[in-house]
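Hi,

Here is the structure I promised to pass on. Have a look, and then read on for what I found in it.

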Amino acid sequence: MAFAAGAASNRRNNLQAAGQQLGYEWKMQSANPSIRYWQTPHLPGVELCRAHHREFSYGRHVHLDYHIGLVQQGGQKFIHKGGSHELVSGRLSVVNPDEMHDGLSLMPEGYTVRVFSINPAQMLGWLGEERFFTTPLLERQDLYQGFGRLHQALEHPTCDPLQAEGMLLELLERLFALPAAPHALADPQLHYLRDMLLANLDARHALEDLAAHIGMERFAFLRQFKKRTGLTPYAWLKRLRLEQAKRLLTKGMSVSEVALAVGFFDQSHFHHGFRLAFGLTPAQFREQMLPTKS
């Protein structure tokens, strides 16, 4: 039996060597792979992957897309343009389209990785110009945590589209170190958006739609909006919802009715957001604001 196992291992190694000479990828996957690919309607042109690899290696290959990856457990070693790099927790791998690289586990127990694959046409549409990563590895905790939070949020179908796209564009702005926006939204534009959103708090809003309301591209809109308010559109909308919730609770509406009226379709999210903003639960605030019965 030992001889048979050794022969099988030799055959596998010979096949791997032959495949690499011909330029093929050699992949070996464990019997129970944990790999998931998906897309979200909130971010067209973006493919997402979450995987845990053990006995698996990526041979030399290229991608048609921009790849942004992070590991949450273990580590990955990869060769990029002749240099060897180690992707571990706290680091971000960034690979341009058509750049050759490989990848294998640093540790016997494998690694857990999350990857964004972004279509170049979509990236160009967001940024307005062609840009490329200048280094394959970044040690930036803010970007590592931001991309990790976004990737996890996109696993859930209830993820808010305004939050998803706003987070990604904000992260790309920092990733490419774009210069500050030259202009900020004017007061009339901001007031128009505020009134429109207050009238439609129970609806879902996309970044593209908000930008279109004032005749701007979404990335320029996001940057000018942040320069004017200091908040992302999603954070601003959430605050408008909470402020309106206070008004409705003061009028005596029930907590569940208020949550739906202002666009919180998950009671726990409403409860958590309200308490974080005002220090009380919605029920506690309502009780304090309503006149007591004598």
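Predicted model: local features only at pLDDT ≥ 70, side-chain atom pairs only at ≥ 80, totals over all residues.

Strand 2 (residues 46-53) runs antiparallel to strand 9, with eight bridges joining them, and His52 sits opposite Thr112. Strand 4 (residues 66-73) is also antiparallel to strand 9, this time through seven bridges, and here Tyr66 faces Ile118.

The other spot I looked at is Leu143, which belongs to helix 3 (residues 141-153). Leu143 counts as buried because its relative accessibility is 0%. Beyond its neighbours within four places in sequence, Leu143 is in contact with Leu92, Leu138, Leu171, Arg174 and Leu175. Gly90 is 53 residues away from Leu143 in sequence, yet their C-alpha atoms are 8.8 Å apart.

As for the whole protein chain, there are eleven helices and ten strands. Of its 294 residues, 41% are buried. If you take the contacts between residues at least 6 apart in sequence, 73% of them link residues at least 24 apart. The chain exposes about 16100 Å², and 52% of that comes from carbon and sulfur atoms.

Cheers

Methods:
Residues numbered from 1 in each chain as written. Heavy atoms only, no water. Helix = DSSP H or I, 4+ residues; strand = E, 2+ residues; numbered from the N terminus. Buried < 20%, exposed > 50% of the residue type's maximum accessible area, 1.4 Å probe, protein only. Contact = heavy atoms within 4.5 Å. Areas by Shrake-Rupley, 256 points an atom, 1.4 Å probe, with all protein chains shown as cover. Pairing = 2+ DSSP bridges.
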